Amino acid sequence: MRARIELVGTQFMVTPPAIPMPSNISLVNDGWLCPEPTPATPLKITTCCERDPSIKVNTTITDKFLPRQPGDLTIMYDVIRAYDQNYLVEVTMENHNPLGRLDHWELSFDWKRDEFIQKMQGAYPKIVDATKCIFGPQSKIYTGLDFADVLTCERRPIIVDLPPTKAEDPALGKIPSCCRNGTILPRIMDPSKSASVFTMQVSKMPPDFNRSALFPPQNWRIKGTLNPDYSCGPPVRVSPTFYPDPSGMPTNKSSFASWQIVCNITHAKTEIPKCCVSFSAFFNDSIIPCNTCACGCVSETRRTCSAESPPLLIPPDALLLPFENRTSLTVAWNALKHKTVPNPMPCGDNCGVSINWHMASDYRGGWTVRITIFNWGGIDFPDWFLAVQMKKPAIRGFEKAYSFNASLLSVDGGVNNTIFMEGLPGLEYLVAERDDLDPKKKLRVPGKQQSVIQFTKKLTPGINVAERDGFPAKVIFNGEECMLPDVLPIASGGRRNGFVTVLSCIAIFVAAFIL
């Protein structure tokens with residue numbers, strides 16, 4: 001191995017043809033002795049450094065790689081080909097959380113050494129632009145390169161997945177686990193769709209023009225549409241990744257270098273939900289809608305409605321209407337129920353997806369719930385899933401779902417504390433909001449999926465379904481936790497049992513005081 005260092009200086013007080021030469025040269029590394037150099041030629045001096053026998057060298061063999069860490073989502077950055085001026089890297093994203101997923105994922109990171117992406121397979125930059133290379137230092141180094149063929153020179157590029165139609169494209173596809181419109185599912189739904197892979201040809205800049213100068217990008221971030229937020233750590237050098245030899249030989253091939261990025265789902269207090277839940281029951285004809293501004297309210301909306309007022313009760317048929325078309329029904333319904341309508345009226349929930357939990361029946365041997373999922377957004381959801389966590393007494397009584405594929409799932413160390421639901425074949429697609437088939441109505445119709453869930457009371461004696469036991473403690477759609485209402489439907493027509501109890505206590509206290 002050899003290291004070559006070239007120095008350039010200016011001569012002072014030296015008369016040609018004399019050449020200024022250093023008087024000494026040595027290694028400053030510990031454990032080496034370098035004798036005084038001897039002139040080999042007028043233009044060359046030489047010294048031979050040897051190890052210092054008085055210094056003991058640590059000969060203990062240790063693993064120079066850190067162990068791979070678990071996480072909700074892991075990203076592997078595997079260099080599979082290395083050249084002096086560029087390298088080929090394979091990026092693999094794997095989902096390990098049973099309730100986590102990504103739809104239309106977008107991956108971004110920061111280049112720290114003026115690298116740029118020349119080619120890709122299995123994914124593509126969101127913006128294709130080589131302008132920063134042409135007007136940057138890259139054009140001075142790569143003078144013979146046609147930058148019209150370069151994909152992106154952004155310091156922080158945004159990478160997106162390709163559609164399924166490009167999976168067999170010889171130039172853009174032909175990568176296993178690519179080209180699914182950015183969908184990464186939980187392993188319990190489909191292990192073959194729980195990962196996404198793409199390759200990049202990365203061009204380097206000086207002083208990194210050698211095969212071993214490999215530096216991964218930093219500040220990784222991944223996000224999806226109506227999916228949980230992820231926080232990613234820095235790239236950590238790990239042992240090389242082994243994968244089947246592409247030649248078909250019964251051997252494993254190793255990457256030249258591998259880094260792991262671990263991403264975990266975050267639950268920030270300031271995070272705004274992306275979906276919400278409404279409650280209803282057979283013993284109350286009113287619907288408790290999603291909370292006001294459940295998914296946030298923009299400042300322009302706050303000028304025409306109240307973001308602080310609680311939502312108004314709505315009739316059952318209003319659930320099928322967009323919020324802006326519910327006003328007349330809502331006002332008439334609350335007048336019928338002798339409820340005060342505030343001015344201005346409460347703002348809507350502004351959620352792209354809402355779920356209605358309707359308690360359909362409660363009988364001696366069991367009880368049933370009807371779940372309806374509404375998609376009010378402009379994006380379809382293929383291979384959707386819904387997870388419901390309930391109190392322990394209720395979850396033990398779960399039997400089956402009629403129109404969904406449902407099963408019990410252990411999450412967060414619990415024992416079967418979650419009902420995991422997905423669409424049956426033919427029902428696994430939740431379409432976006434569309435215009436009504438009747439153009440005269442001029443209404444938008446949400447995408448909808450519905451099923452009935454059956455529970456038994458054999459294993460849950462004493463359960464009070466009409467109270468909190470029959471309603472979920474947490475609802476998760478496509479990995480995103482949905483906001484629950486603050487109140488429950490009750491048979492008496494009041495807003496909350498606690499509210500009625502407080503009034504009763506006040507009445508008793510006043511009566512005792514009068515007596």
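Predicted model: local features only at pLDDT ≥ 70, side-chain atom pairs only at ≥ 80, totals over all residues.

Student: What is the strand order of the open sheet of six strands?

Tutor: Strands here are DSSP runs of E with at least two residues, numbered from the N terminus, and two strands pair if DSSP finds at least two bridges between them. The pairing in this open sheet is mixed, and the order of its six strands is β19-β18-β20-β21-β30-β24.

Student: Which are the edge strands?

Tutor: An edge strand of this sheet pairs on one side only. That applies to β19 (284-288) and β24 (398-401).

Student: In which sense do β24 and β30 pair, parallel or antiparallel?

Tutor: Strands of a sheet pair through backbone hydrogen bonds, in either of two senses. Ala401 stands opposite Ile453 in β30. Strand β30 covers residues 447-456, and over three bridges its pairing with β24 is antiparallel.

Student: Is His358 buried or exposed?

Tutor: His358 sits in strand β20, residues 353-362. Buried means under 20% relative accessible area, exposed over 50% and partly exposed in between, with a 1.4 Å probe and protein chains only. Because its relative accessibility is 13%, His358 counts as buried.

Student: With which side chain does the side chain of His358 make a polar contact?

Tutor: Contact means heavy atoms within 4.5 Å, and leaving aside neighbours within four places in sequence, the contacts of His358 include Phe282, Val369 and Arg370. A polar contact is a pair of N or O atoms within 3.5 Å; within protein, one must be able to donate a hydrogen and the other to accept it, and residues adjacent in sequence count only if both atoms are side-chain atoms. At 2.8 Å, the partner is the side chain of Ser280.

Student: How far apart in space are Val353 and Pro67, C-alpha to C-alpha?

Tutor: Val353 also lies in β20, and it counts as buried because its relative accessibility is 0%. In sequence, Val353 and Pro67 are 286 residues apart; in space, C-alpha to C-alpha, the separation is 40 Å.

Terms used
Residues numbered from 1 in each chain as written. Heavy atoms only, no water. Helix = DSSP H or I, 4+ residues; strand = E, 2+ residues; numbered from the N terminus.
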